[in-house]
Amino acid sequence: MLLSREIRFALLTSSQPAETRLGNSWAGWPSTNLVVPHLVLRCVIDGQPDRCTGYLCNIKTIDELLRSIVTGPLISDKRELQFAETILQAVFDELLAKWNHDSTIDSVTLALSPYLRYSIVAGEKMHPTSGPFSKVQLTQQFEFSAAHRLHCSGLSDDENRQLFGKCNNPAGHGHNYVVEVTVSNQLESDRGIVIELGKFESIVKRLVIDRLDHKHLNQDVEYFVDVNPSVENIAIAVFDWLSGQFGEAKLERVKIYETPKTWAEYSGDR
Ligand code: NI
């Protein structure tokens, strides 16, 4: 069983004033009205719930450990700017070193915003004897707006109407799609980045967003002339367009939200 817990916090140095009373950890603690980074650190653990308490692990234990790491000298008191990858690896290593529980750490994620996050999956971290390397994942969201019509040319008009309902409207209908792209790279423990962020963004913009944004997918995008532009097929198309395009970084998966209620994720396994 997996259990996820996250802490939200303003990244303050010890010399900066902070609200020390724990008032609203939902919004973040320590809280501040200084303009500083507001981060999320998420830890997923794997194990079995205790028969008596029903707890896989007491979340207070996780909170205290995570906060001791991020509010201590590891992050807060570093004067120089650091890449998220470097901070995440240091947090992951310290978390593993301090973890003293029957359950195991499955993954750790550092979110710089609701749209950009970095993760290390414990099972994917290379064995210590093969060197101080970690596989770090970068996940970022993009958006595009497009029209589409769900229609199969192999079915009759009546069958299409029956199968797809209002999604078969001849003139189409629109969605504001969210595209979530995850790439990874093997990094040395204290240096390196998954991929230069601006380069990553420009590749996704050129190969995906510019191709799809403000288009009628069936009519304007060659890929969908004979392929029904369902959210599943859009995820496959985007994965195929991006696969192998990030240099040393590897495309892990593509997730497309057609609405906040519907998404499809594809990692190349069809
Ligand atoms: Ni639709």
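**Domain arrangement and nickel site of the predicted model**

The C-alpha centres of domain 1 and domain 2 are 31 Å apart. In this predicted model, local features require pLDDT of at least 70 and side-chain atom pairs are counted only at pLDDT 80 or more, whereas totals for chains, interfaces and linings use all residues. Residues are numbered from 1 along each chain as its sequence is written, and side-chain values use heavy atoms, with hydrogens and water left out. Domain 1 spans 1–124 and domain 2 spans 141–270 in the domain assignment of the protein chain, the bounds coming from an automatic or database domain assignment.

Between the domains, 9 residues of domain 1 are in contact with 12 residues of domain 2 (heavy atoms within 4.5 Å). The buried area amounts to about 850 Å², with 46% given by carbon and sulfur atoms; this area is the accessible area (1.4 Å probe) that two parts lose on being put together, summed over both. Of the area that domain 1 buries against domain 2, 47% is supplied by Glu85, Gln89 and Tyr115, more than by any other three residues.

The interface contains 1 salt bridge by the rule applied, namely a side-chain nitrogen of Lys or Arg within 4 Å of a carboxyl oxygen of Asp or Glu. A salt bridge joins Arg117 and Glu180, with 3.0 Å between the closest N and O atoms. On the side of domain 1 that touches domain 2, the elements giving two or more residues are α2 (84–98) and β4 (116–121); helices (H or I, at least four residues) and strands (E, at least two) are DSSP runs, numbered from the N terminus.

The nickel ion has His148 (NE2), His173 (NE2) and His175 (NE2) as protein donors, at 2.0 to 2.1 Å. Donors are N, O and S atoms within 2.8 Å of the metal (3.2 Å for Na, K and Ca); water is not among the atoms, so sites may look incomplete. Along the chain the donor spacing is H-x24-H-x1-H. His148 in strand β5 (residues 133–148) and His175 in strand β6 (residues 173–188) are 27 residues apart.
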